[in-house]
Every structure is written in C-alpha cells, then in structure tokens.
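Hi,

Here is the structure I promised to pass on.

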Amino acid sequence: MYCLIAAESAIFVILIVAYLFYVGKSLSGPTPAILRVPVLFTVCLLSSSLTIHAAVKSLSRGNDRAFGFWWLVTIVLGATFLVGTAFEWRHLIHDEGLTIQTNLFGTTYYTLVGLHAFHVTVGLLALAAVSIFGFFGQVRKPDAPRVDVLSLYWHFVDVVWVVVFTVVYFIGR
Amino acid sequence: MNSTTALWELPHRALSPTDIFAPVSTPAQSIFDLSLFVLGITGGIFVVVAALLSYSAIRFRKRKNDDGREPAQVYGSLQVELAWTLTPVLISLVLFLATARVIFQIQHPAPPPGAVEVTVIGHQFWWEYRYPGLKVVTANELHVPVSDPAHPTPTFLKLYSADTDHSWWVPRLAGKTDLIPNHPNSMWIEPRETGLYLGQCAQYCGTQHAKMLLRVYVESPEDFASWIQEQRQTVQTAPSDGTASEGRKIFERVACINCHTVAGTPANGRFGPDLTHLMSRETIASGAAPNTRENLRRWIENPNALKPGCKMPAMGLNNQQLDAVTAYLVSLR
Amino acid sequence: MSISLELPRTQPAIPFVDKLHQWVITVDHKRLGLLYITYALSFLLIGGIEATIMRIQLIRPHNDFASPQVFNQMFTMHGTTMIFFVVMPLVFGFANYLLPLMIGARDMAFPRLNAFSFWLMAFGGILLYFSFIGGYGLYGAGNAPDVGWFAYAPLTAQTFSPGHSTDFWTLSLLVSGFGSIGTAINIIATVLCMRCPGMTLGRMPLLAWLNLTMAGLVILAISPLTAAQIMLLVDRYLGGHFFDTQAGGSAVIWMHFFWVFGHPEVYVLVIPAFAFASEIIPVFSRKAIFGYPVMVAATLAIGFISMSVWAHHMFTVGMTSAANMFFVLSTMAIAVPTGIKIFNWLATMWGGKIHFRAPMLFCLAFLFQFLIAGLTGIMLSSAPFNWQLGNSYFVVAHFHYVIVGAILFALFGAFYYWFPKASGRMYSETLAKFHFWLFLIGFHLTFDFMHVPGMLGMPRRIYTYEPGRGWEIWNLIVTIGVLFQAAGILAFVANLFGSYFRGKNAGSDPWDAWTLEWSTHSPPPEYNFETVPVVKSRRPLWDLKHPEDPDWKYE
C-alpha cells in the first residue's frame, strides 16, 4: 500500500506542479479570487481520518459494534465532503461561469480537485464494501491488519487534500 | 578568438552540405571546437577500457588444458574502487566546465550594432521570415549578409511558431533551436563565408516534417543590400500579359487570397507563404522542388502530389485556369 | 562438479482446452513470467517489421515504398511497441520468473495482483494495435498513432490530430501503466518481505537489488506519464487547456512531464540488463562478482540520479543557461556510477577462467556495446554538442545502441542462461552461436553506421530525404544490417522452439552456478523448493560445493 501511495503521490505532484505553473497565467475568465474556502467540508474529511482510526482501533480490540459505528461515520463524513464539493462546483459553474473549458484556471482547478474527488469516491466504495461485509459479520478482529491497510489509503486521500487545499485556496489565490 | 585557430584555417572539405564538422559560422565553430575536446576524451576512454576488456577476454579465457579448478575468488578492493570512481568524477568535472563555457559563449549574447534581426515563424510545413527593421517579408529562403570579423554583422533570429513544434537546423551555421508556440526562442548565426547552406526542420511537426527544408543564402553586403531592395518593392503594375492578368483575377477570386499575401493587391492572407516576390526564390514548397513554371503548375494543380499531407488544398482548377494562374505567379518577381 | 536433480517426466495427458484454461487463470509467477516473455517476443517480431518498413523506405532518397502517413505511424508504433510491449514485458517477465526462485520464495507476494497486472499490460498492447483497424482518422483507414512515441504537444491537440490516433496511444499506455505499477508493487513487496531465512538484504543476488531499484523507479516514474496523459485527455475531450498554447498553455510543460517519466523509464529498461550481466559474467568467469557492495551502491545512485536528468532531452527547447548547465552536470554525474559498474564487471572477468558459451558471448558484446553507448551518451550530454546532434540520427543510433546493443544482447544472454532451467532442456550451442554472430554483424552494420548521417545533418522522423546531402550510402548500409539481424532472430526463434521439443536433458544445474534457482529441478515444480532453503552467504551453492572454502568466511 505504501508503494501504491508513492505512485499516486507522484501523479498528484505532477498535477500540483501543473496547477502552480499555471497560476496567474489565464488569458481571460474568472480567477482564483472567486473561490470560497470550503472550511466545513474540509473539517469533515479530515475528521474522517480520526474516525477511521478509531474504527480500526476498535476492531483490533475485538469491539465489532464500535468498529461498525465508526466506520459508518467515516463514510458519512467522506460522503459529506463529496456533496460539499458538488455544491461548490455547482456554484462555480452556474454562478461564476467557470468550467473546465473556460481558461487555464478552470482546467487545472477542476482536474486537480476532480482527481482528488475521484480518489475519495473510490475510497468510499471500498469502505462501503467493507461495511457490507461487516453487516454480515464477516469482519472480525483477525481482519484488523487488512482493514488497517485500507485505512492507510484513506489517510493518504486526506493528506492529499491538505496539500491540494493549501495550494488551491491559499498559495494560488 | 578561439584556441584552435590552426584547425579553423585548415581547409576542411565538408563531407556533405550539412556536415556538422564543417562550420562556417561562429556558433557552429564553438560547438565544433568543443566537440573535438569531447571526442578526444571519450575516444581516449574507449581505447583504454576496450583494450582492458579485450585483454581480459583473451588472457583469462578457459584454456583447452584446463584442470577444472576454480580460480582465486576476489570479492573486491576498496582502493581500486576509489581509483575508478575518482577518475571519472574528475573527467566529468573537466567536461562539464568546458561545456559550461561554450553554453555561455553561445546562449543569449547581446547583438552588436551591425546585427540583422529576423523573425522566424514556423508553420506546418514552411518557414516565414520577417525582417522587422528592414521591412521585408518572405518565406522559405533566408538571405543574410556574410560577417566580417572586423565589423561583425551576425544575424539574430527570433523563433516563434504558428502551430506545432519545429526546429531550425542548418548544421554548418549553428546548432538547432526549437520553435515552440507560446515559447519564443532566439538564436544567432555569424557566417564567415558566402554560399548557400542547407538544413531542415528537426522537430517532428506532422506529416510533411521531412520536406520542411531550409535554405540560407549568405551574401556579400552588396548582394544582400540589393536583395533587400528588391524584396521591399510592392508589386508594381498589373501584369501586362493577358493570361497573367486573367490568372490574377482567378487568384483573387478562388480563395487563394485567404492564405497568401501579394503586396499591393487585395491578397493578404497569412496562413501560407508570402508570394509577392515568389520568382526571386529558387525553390518552392519550402525547398521541395525547384521553382520552375512546370513545377509551379504541378504544385497548384495538386499540392498533395508533391507533398502529401501538406496544408494547401487543390483548388480544383481546370487546365485553362491553371495556365492562367501559373502565368500570374511567374510574373511575381 | 554440479548438483543434479532429475524429476521423472510422468505427467498425465491434459486436454488442450484445459491446458489453455490453466494458462489463462494462472497466478503462478513462473507461468506469468513465461506469458510476459512470449507476449513480448511476439511484439518484438511486429516491432521489427515496423522497423524494416521504415528502413526499406529510407534505403534511397525520395523512395515511395511507404507514404508519409504510413511512415509516421511506423516510427510511432515501433517506438511505443518496443518500449512498452517488448522490453518492459520482457523485463517484468524475467523478474517474475526469477525473483522468487532466486530468493528462495514460493511465489511473488501478491500472485493475483501479478496476474491482473499481466492482463492489463496485455490488453494495453491489443488496444494499441486495434488502432490499425479501429476508429476513423483524417487520412482514411488505419488509425494507428502517428504523433511520435513521445507525443509532443500541441501536435496531439484535437486541432492538429483530429481522429483517434492520439487517443489509442494515450489509453493503451494508461492501461498498461497501471499494470506496470502493479508489477512494481509486487516486486518490491516480494524482495523486501519474502526472502528465505538467512538471506539478508546484503546476501541477496544482485538481480534482486537491481529489480528492486527498477521497481522503485517504475513507481515514481510511470505516474508522471499517467498524470500527463490524464491532462491530455482533459484537453482533447473536455476542452481543457493544459497544453493549449492558444489559451496560454505550455507545450514545454508536456515535454517536462513526459521526460520526467521518459528518462527514468530507460533506466527501468537497462537496470535489469545490468542484473543479467551481474549474474552471468561471474558464473562464466568462475569468480564471484567483484565489489558487490559497490555495485549495490552504484545501482541505487543511478536510480536516484536518473530522476534528475530528464531535461537533457530538451536541450534544444530554449531553457535558460542555468537550467542547461544543471542538466549537463546531472547527466555527466550519472556516468560515474555507470562506469563503475563496467569496471566491476571487467574486474570480475580479470583473473578468472572465461567460458565462451552463448550467455557469456552475449554479455561480452553487452559490455563493449554498453561502453560505446555510454560514451555517445556523454557526447550528447554536452549541451552545445547536443544542439547539433540532438533530434538527429546520432541520437537514434545512441539509444538503439543502448536498447539493442546493451539491453537486448543482455536479454539474449539471459534467455540462453535460464532456458535450461525453465524448460529442462539444453539449447543448441551451434545455433546460438549462429544467432550471436549474425545478430552482431547486423547490429553493427546498422547502428555503427547510423551515427554518420546524424553527424552529417540528417534529422530523425523523416519519411524521405534529399539526394546530395551525403546520406545515401549510410542509409543503404544501415538497411542492409537489418537482413543480418532478421537472420539472427530467426536462428534464435528456431533454437527456442527446437530445443524446447528436442533438446537434451539439462538437469538442474548445467552451468555449475551458485544461486538458489539452480538447486531445484528444471523446470521448477509449482512450489519451487521442496524445503525452504536457508542461506549463509551470497552464493549458497558455492558454499555447498566448496565446503572447505565457503563464501561466508570472507563476506
């Protein structure tokens, strides 16, 4: 999983480089000034790291119910983040007229944030699959190390968001 | 000016018109001098290492009367490793310093007062040349003055592209520099001998990349001045020849003017080469064919026959129209 | 003296369909390795045909054997095929086959991921070749990519490449790229976690170290290509502007992203070749590899530095003098550990008893040719010299010298070395020598003389050239070399097939070698080792064969 994280990090690094390279270079159209910092949804995503950690801890202690609970909370928080992104994009597209085609800012912003959202989605699907197995009682204490590996992926997604968030909403604006 | 003056003065018979080891211009000369140094070092390394490899392969081969015992097992030696680490490091350092010096010699010097400035715009698949100071626009064949070391008149080229990436490479004059859209570049040449120098586009730019040829005419100051004079003139009067004037009407009606410019007429398209002084050029289709009446006719009848995949469409003219337009083009001196 | 274990050949006859099914669903690293290798060899033949078409077209000026459209597709497909669907699968195939055997493991760390990665890569190749018949294109039937294997922007934009040729390139590489990352993860996990007892990192074969480094490079290098391809797809299909110069985008940034992938990629290709040489040369010189720790350090140094040299592919692009100087320095720096490796191989041969069997012949040629390739690389690393030599046939000659002269020769050596292990049969030494000499002559005819047109001003990727530039004779010689290479390959394929069915029994250790794979049967059983090996040194079989003088006394 660490190797996978390394590989995925390299993809994000390149996209972040592209984003930073193109900051301020749009010939026309909306600029990053129109962005509203998504504080609430960021808090949701970052706290989901804490909840998934709690879930894995519970499972490794044999507390299946607590595990199921915290795991579900993680999914809800992740889904909230995605919903928030959807709302933000709707606002940007309908009210500000910024699409991926509009200008360099639009292209780089949607691609970078979009790729991250895609990774969140894939993560949520994986978490949901585990949830379903959990409902049927298939996830027990011996599975804790494997679930831990999956949670590594989730932590990675959060760390990426910290970086993307900083680059897009602070450095780039 | 350079330490290998003796070599420079040795008559070098170029193995080809595009031989990189037959420089006639200062930047190409600097590169040549550096290349001799690099070749010397790498050649020396080759001789030594290849000799050692050959020697070991022969000396330590298994003989026919081998007793089957294993040779002495040697696992390594720190001194030897240090020796053959330090030596390459030193060689690399020396090479790097020699290289760095030439980089600075060639990249971005300040143009001296006598310099000619040319803007080069690369297109698929032809070269546009503009002399902003001298108010000349032409295509595909570049004319520059020869440079006298006492009063240098180098030519500084600014490189742009109208579409994809290209590269300007005339080996005897300079190393290549790319023409990249939205990324202006610059280079310079300082030819010391008159003559015609050849080259071609050196960055894959599409189907007809192979026929985007370069021709640079290095002329005496007088010849250059008179060429400039000719190029500055706008088309004088309407052609006297009836067929040619019929051809001009067709030219202006059948959308040729959308792509081509003929100064002094309504034709002011920028997509294709400027044709104002078409007959002052020795070749057409960026060097792909000699500029003769027959070739011109063949070209406008079906450009794809000569340069399949080029951007000029066949305009579907009939024979009469072709004759007329050819006559008109031939009148553009 | 060699250890010989014979397995009786008693296997019940299995219906063909079931056999096929077993191969399709296999997760056994040996079978997957063979699948990778067979796949790659098929594409080697196809890539060779593409090269032959180009060489016939270039045999004389203004030839009309292949139209410019076809020629441009040929060089794009030849490059893409050879790199992604020949050498990479060969490298992964050998790694898959050999690593568990050489570290005393039963299989790779993630067998199912292994199979998945293979099928992804295989699908990528099929997708790429589907382009010849699928889709529509500006120039009619046949829509194979024609943008060059590095697909520079903005030639790949919708404006300049309408139709789907670029998309086939992008998608097939995207898919096979995921497969490569899967394999790399597997290699790293296997080498780090599955070594047999007693095999510390310092005692594993150099092949394991080198493949570990290669896998690390894959992880870090393939992703930039993936990212760039995602951006290209966004540009082409979602109206993005990453490389849209009209909207302020940059063509140069594509080059940076591509070469950040592209340069480590060539080290991914060549480091396994080093691995083969590091295993074969000691055995056929009858000496341990000279300077094992230094070889490891040099490999890691090469891997590390290779991530910082990429813009030496961009010297003509118009970077600042400072940038140019940095990349000159880093490129020259990487020559140092590479040279150290050559010296260590030389020192291994020195004082030994060299047996000139096919694997060693190929490795000897590898040494000479890699030396030359490295030296022409140093010439190219000097930026001003590069301004003349770059993008010309000199560069084409240089990289073919590395890929064919070094990598392919080392691969041939590896084929002959491990063929007895994988098949249980000995190959024909006579046919192998035919293969060697024919291919050697062909290789040198083609690629030695190919340097000359480059120095005489001939750029690459041109479907024809003008007479009178002095290029004709050299192009003719270069094309003639193709015949000899083809003949050599024919001998090779004949040897593989013939020996597989009719070769003599090889036994488990035909070479009197020292690493673990030679201690099990030929071919190895599915479980690899009957008992888990325990090792005390880098050459466990040497210790067994020389109990009076074991390695662990000296390491």
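**Where chain C meets chain A**

Between chain C and chain A there are five residue pairs in polar contact, with both residues at pLDDT 80 or more. (A polar contact is a pair of N or O atoms within 3.5 Å; within protein, one must be able to donate a hydrogen and the other to accept it, and residues adjacent in sequence count only if both atoms are side-chain atoms.) The elements of chain C that each supply at least two residues to the side touching chain A are α5 (165–193), α6 (206–237) and α7. Of these, α6(C) gives the largest share, ten residues. Helices (H or I, at least four residues) and strands (E, at least two) are DSSP runs, numbered from the N terminus. By residue type, that side of chain C divides into 15 nonpolar, nine polar and one charged. Here Ala, Val, Leu, Ile, Met, Phe, Trp, Tyr, Cys and Pro count as nonpolar, Asp, Glu, Lys and Arg as charged, and the others, Gly among them, as polar.

Before I go on, some ground rules: this is a predicted model, so to speak of local features I need pLDDT of at least 70, side-chain atom pairs count only at pLDDT 80 or more, and totals for chains, interfaces and linings use all residues. Residues are numbered from 1 along each chain as its sequence is written, chains are lettered from A and ligands numbered from 1 in the order in which they are written, and side-chain values use heavy atoms, with hydrogens and water left out.

Back to chains C and A: the contact (heavy atoms within 4.5 Å) takes 25 residues from chain C and 23 from chain A. Together they bury about 1,900 Å², 81% of it on carbon and sulfur atoms. Buried area is the accessible area (1.4 Å probe) that two parts lose on being put together, summed over both. The salt bridge count for this pair is zero; the rule asks for a side-chain nitrogen of Lys or Arg within 4 Å of a carboxyl oxygen of Asp or Glu.

Chain A itself has five helices and zero strands. Its C-alpha trace spans about 60 × 30 × 20 Å along the principal axes. Chain A and chain B make no contact, and their closest C-alpha atoms lie 12 Å apart.

**Where chain C meets chain B**

Two pairs of chains are in contact, and B and C share the most contacts. On the C side 97 residues take part, against 90 of chain B. The buried area is about 7,900 Å², with carbon and sulfur atoms giving 67%. C:W387, C:Q388 and C:R469 supply 10% of what chain C buries there, more than any other three residues.

The rule finds three salt bridges across this interface. One of them joins the side chains of B:E70 and C:R286, at 2.7 Å from N to O. The most comes from α9(C), with 14 residues. This side of chain C has 56 nonpolar, 30 polar and eleven charged residues.

**A sheet in chain B**

Three strands of chain B make an open sheet in the order β4-β10-β9, with mixed pairing. Two strands pair if DSSP finds at least two bridges between them. β4 (141–145) and β9 (195–200) each have a single partner strand, so one side of each is left without a neighbour in the sheet. On average, neighbouring strands are turned by 25° against each other, direction ignored. β9(B) and β10 (residues 213–219) run antiparallel, joined by six bridges; B:Q200 has B:L213 as its bridge partner in β10(B). Helix α4 (residues 221–232) of chain B lies across β4 and β10, at about 135° to β4(B). (Axes are lines fitted to C-alpha atoms, for helices over the stretch in contact, and angles run from 0 to 180 degrees between N-to-C directions.)

Most residues other than glycine have a negative phi, and most peptide bonds are trans. C:A153 and C:P154 are joined by a cis peptide bond, omega about -5°. The bond from C:S522 to C:P523 is cis too, with omega near -10°. B:H108 is not a glycine, yet has a positive phi of about 55°.

Cheers
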